[in-house]
Amino acid sequence: MGFFDIFKKKKKMSDGLEKTRTDFFQNIVNTLTSSVIDDDLYNDLEEQLILADVGPSCAVRLVDELRDEVEINGLHTGQEALDALRDIIRREVSPKTDLDLSGKPAVILVVGVNGVGKTTTIAKLAYLYKDLGKRVMLAACDTFRAAASEQLETWADRAGVPLVKAGEGADPAAVIFDAVKSATARGYDMVIADTAGRLHNKKGLMDELAKISRSVKKASPDASLEVLLVLDAITGQNAISQAQEFCRAAGATGVVLTKLDGTPKGGCIIGVHEKLGLPIRFVGVGEKIDDLIFFSATDFAEALLPEVPQHKKEETEQAGEEQA
Ligand SMILES: Nc1nc2c(ncn2[C@@H]2O[C@H](COP(=O)(O)OP(=O)(O)OP(=O)(O)O)[C@@H](O)[C@H]2O)c(=O)[nH]1
Ligand SMILES: [Mg+2]
């Protein structure tokens, strides 16, 4: 990735988190940089993290970690505490593993309840990976809803990638099987599959997702499989209970948080990561085809808690020294 791309990615993350930053995290910055570090500050901070949709247990843990760091490292100023909190958040959401795209083909199954942004995310993923030089094929495994395949087809055309589809009501496991076979035969690197967000009942949906996963391996033993769970950031903490069910049944291996641009609840990323124990892989920051970014823990933490400009830093350091 060139310098300009890195800059663009940082800016997109920062723009996507604008509401989250201005509505909630700015208060956290203000609290930290305008007062001395004492119990009141920790209590305020905890409250603000909960308001910022980080989730109660996660907020408590983050503040405990900060308290430890302040003590162990002898931090005095709010500015130092802010830097420490930024780093704690970065470590908290850092993915421990890379996305597994090692297979031939690399299959990404995209799952999630209806309306969260699965189809749009698939189009964005196709666009992103095509841009990185991958040969990408899409599979329309949402055969439940009449217009789903057509919607994906429009996106596939826009992204300039081929699509494997079948008629309404067809077996989605058969669609993925065909797509993986076809990708293998034609030397495609990736297959990205759309799935239904709803079925007649929840058990039916979960069983179907499990069957699609098995079908991938049947079609190609060399295929790798990532199951990306799409969650809508607008629902914030509520997304978590829904997500837990999907994790169990569909074997999700990672998360995509969509609609970050439309909500002040971007703090939920931290709680989602904590509760699900799954890496955040991508975030959606708009409705356009290039509005998806690889999740970077560093960019995320810096966008939430931007560095204070140098002159303000000096003022708060002075205040800290005077109070100490
Ligand atoms: N602002 C914003 N809107 C998004 C984002 N991602 C998706 N959307 C919008 O969310 C709506 C639903 O997106 P879809 O991709 O159709 O959602 P889906 O999960 O496939 O929905 P079903 O197929 O009905 O289950 C659309 O209007 C998208 O434009 C995002 O990152 N930001
Ligand atoms: Mg869809």
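A polar contact, in this note, is a pair of N or O atoms within 3.5 Å. Please keep in mind that the model is predicted.

1. **Polar contacts of ligand 1.** Let me start with the ligand, where the cut-off above comes in. An oxygen atom of ligand 1 sits 3.3 Å from a polar backbone atom of V116. T119 contributes through its side chain, with a polar atom 2.8 Å from an oxygen atom of the ligand. K124 also takes part by way of its side chain, where an N or O atom is 3.4 Å from an oxygen atom of ligand 1. Taken alone, the ligand exposes 660 Å², and the protein buries 81% of that.

2. **The shell around the ligand.** How many residues surround ligand 1? There are 19, and the closest are K118, T119, T120, D261 and E287. Helix α6 (residues 118-131) supplies the largest share of this shell, with four residues. Sorted by class, the shell holds two nonpolar, nine polar and eight charged residues.

3. Leaving aside neighbours within four places in sequence, D291 is in contact with K12, K124, V283, G284, V285 and G286. K124 in that list is also a residue whose side chain has an N or O atom 3.4 Å from an oxygen atom of ligand 1.

4. **The D291–K12 salt bridge.** Which residue forms a salt bridge with D291? The partner is K12, and the closest N and O atoms are 2.9 Å apart. D291 belongs to the loop between β7 and β8 while K12 belongs to helix α1, so this pair ties together parts that are 279 residues apart in sequence. The two side chains also make a polar contact, at 2.9 Å.

5. **Two further salt bridges.** The count of salt bridges in the model comes to 18, and two others deserve a look. R91 and E69 meet through their side chains at 2.9 Å, N to O. This pair links distant parts of the chain, with R91 in helix α5 (residues 78-93) and E69 in helix α4 (residues 56-73), 22 residues apart. R91 is partly exposed, at 37% relative accessibility. The side chains of D171 and K211 form a salt bridge too, at 3.0 Å, N to O. Here D171 lies in the loop between β3 (163-164) and α8 (172-186), K211 lies in helix α9 (residues 202-219), and 40 residues separate them. Both ends are partly exposed, D171 at 34% and K211 at 38%.

6. K9, K10, D299 and E302 are linked in a network of salt bridges. Are K9 and K10 buried or exposed, or in between? K9 counts as buried at 17% relative accessibility, whereas K10 is partly exposed at 32%. K9 has its place in helix α1, and K10 lies in that helix as well, which spans residues 3-16. Beyond its neighbours within four places in sequence, K10 is in contact with D299 and E302.

7. **Distances from K9 and K10.** K9 and I293 are 284 residues apart in sequence, yet their C-alpha atoms are 6.7 Å apart in space. For K10 and G251, 241 residues apart along the chain, the C-alpha separation is 30 Å.

8. **Backbone points to check by eye.** Most residues other than glycine have a negative phi, and most peptide bonds are trans. The peptide bond from K104 to P105 is cis, with omega near 0°, and P105 is placed in the loop between α5 and β1 (106-111). D53 has a positive phi of about 70° although it is not a glycine. D53 lies in the loop between α3 (39-51) and α4 and counts as buried at 13% relative accessibility. K259, also not a glycine, has a positive phi of about 60°. K259 is found in the loop between β6 (254-258) and α11 (268-276), and its relative accessible area of 28% makes it partly exposed.

Technical notes. Residues numbered from 1 in each chain as written. Chains lettered and ligands numbered in written order. Predicted model: local features only at pLDDT ≥ 70, side-chain atom pairs only at ≥ 80, totals over all residues. Heavy atoms only, no water. Helix = DSSP H or I, 4+ residues; strand = E, 2+ residues; numbered from the N terminus. Buried < 20%, exposed > 50% of the residue type's maximum accessible area, 1.4 Å probe, protein only. Contact = heavy atoms within 4.5 Å. Polar contact = N/O pair within 3.5 Å; in protein donor to acceptor, adjacent residues only side chain to side chain. Near = heavy atom within 4 Å. Areas by Shrake-Rupley, 256 points an atom, 1.4 Å probe, with all protein chains shown as cover. Nonpolar A, V, L, I, M, F, W, Y, C, P; charged D, E, K, R; others polar. Salt bridge = Lys/Arg side-chain N within 4 Å of Asp/Glu carboxyl O.
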